Amino acid sequence: MTLGRRLAVFAVFQLLALGAMVPVAAGKPSAIVGMGDSAMSGESAGAYEQGTDQPGNYCHRSLNALIHETAITGISATLNLACSGAKSANLYIGGPGQYNEPAQSEKLRAAANDYRVRLVIVEVGANDDPHFSEVATDCVSAYVLQITGCRDTDGPSWAANVAAAMLKVQQALDDVRAIMRDAGYRDSSWQAVLASYWSPVPRPPIRYSGYLTKLWNGCPLYNADMEWGHDIAVPVLSQGLNEVAADNGWRFLDLSRSMDGREICAQGITHSQEWTTGVKYDPSSSSWYSFDAIRQSLHANARGHAQLGRCLTEFAALTVQAATCLRTADGNLHAVP
């Protein structure tokens, strides 16, 4: 083969290689995708997608979820793939689905082909080894029954449980990136964002002090347990997720302080100004003794998700690798590098 023909063949191979890296969804509607657990699905934000708020499926994907509260330039679709109760494994390639739905990994694969995905935000890990919802239940139960607080029963193992969960989160992130590559996306063609969690309860003191008033207003926890959750449990989980993001080339959006001053029963505000939902008993969607009757408790409400969506919008426009969502003088959340 002559030198000219060899160069021509080489050029063809280069073009084919470049073509293989062009997203197969080029020319299709641009979208951003939310994946993960109840914090991302919009648990307690109401207006749930049809079929996700009923016995047999409590994914609770809200039309008010933060992914739908974004306003990112050039994005025409916001896709909520998250499901309440999800663990990292639900994002794995070949991982299990929930409530007879496909795994979120398979949903992402379909979305990556049907849309031109510009950003994927993942919020997962709390339901792995930390068992955040179970710990929250322990905190409430301890106060209601007036027994030893969760800071003493769950606190000693919290850091070790968070550390154990981070390997699972890492695999979820690896598999999300692998799916995008399989769909023909360059790593640089979309934003990979890992988000942390917020504290639904404030640092004491709070608006209420009596046993019955705390119970009635949705914050039946010992003050010391609130302080542990706000100042230790949530920051430790956030730091673990931050390290996973940094080690794996993902952007990191720190939400650990996003609800500060707007939590359930926080001082200086009224109930209508809260961005989180307190302990909420709703037996209308399930039997009175089922976890499903209280699963909407201690999550961000629709007001909170609107603010989180605002912050994600700002973060998507920044070039920094990490930022923190903080409420500033104008009363709104902003992405602060």
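Helix 3 passes helix 6 in a right-handed crossing. This is a predicted model. Helix 3 covers residues 104–114, and helix 6 covers residues 155–182. Their axes come within 9 Å and cross at roughly 30°. Angles under 35 degrees count as roughly parallel, so helix 3 runs roughly parallel to helix 6.

Which residues of helix 3 and helix 6 make the contact? Helix 3 supplies S105, L108, R109 and A112. Helix 6 supplies V176, I179, M180 and D182. Sorted by class, this contact has 5 nonpolar, 1 polar and 2 charged residues.

On the helix 6 side, the contact uses G155, W158, A159, V162, M166, V169, Q170 and L173. Helix 8 meets them with W228, A233, V236, L237, G240, L241 and V244. What classes of residue make up this contact? There are 12 nonpolar and 3 polar residues, and no charged residues.

| Helix pair | Axes within | Crossing angle |
|---|---|---|
| Helix 3 and helix 6 | 9 Å | roughly 30° |

**Empty space in the model**

Rolling a probe the size of a water molecule over the atoms shows where empty space is left. How many cavities of 30 Å³ or more are there? The count comes to 1.

The largest cavity holds about 30 Å³ of space. Its lining includes C59, R61, L81 and C83. G97, Q98, E101, P102 and A103 also line the largest cavity, as do Q104 and K107. By class, that lining has 5 nonpolar, 3 polar and 3 charged residues.

Next comes a pocket. The second largest pocket contains about 150 Å³ of space. Which residues line the second largest pocket? Among them are R177, D187, S188, W190, Q191 and A192. G249, W250, R251 and Q321 are lining residues of this pocket too. The lining of the second largest pocket divides into 3 nonpolar, 4 polar and 3 charged residues.

How values were computed:
Residues are numbered from 1 along each chain as its sequence is written. This is a predicted model: local features need pLDDT of at least 70, side-chain atom pairs count only at pLDDT 80 or more; totals for chains, interfaces and linings use all residues. Side-chain values use heavy atoms; hydrogens and water are left out. Axes are lines fitted to C-alpha atoms, for helices over the stretch in contact, and angles run from 0 to 180 degrees between N-to-C directions. Helices (H or I, at least four residues) and strands (E, at least two) are DSSP runs, numbered from the N terminus. Angles under 35 degrees count as roughly parallel, over 145 as roughly antiparallel, 65 to 115 as roughly perpendicular and the rest as oblique. A crossing is left-handed if the near helix is turned anticlockwise from the far one by less than a right angle, and right-handed if clockwise. Contact means heavy atoms within 4.5 Å. Ala, Val, Leu, Ile, Met, Phe, Trp, Tyr, Cys and Pro count as nonpolar, Asp, Glu, Lys and Arg as charged, and the others, Gly among them, as polar. On a 1 Å grid over the protein atoms alone, a cavity is a set of points where a 1.4 Å probe fits but cannot get out, and a pocket is an open set with protein on both sides within 12 Å along at least five of seven lines; lining residues have an atom within 4 Å of a point. Grid points are joined across faces, edges and corners, and a volume is the space filled by probe spheres set on the points.
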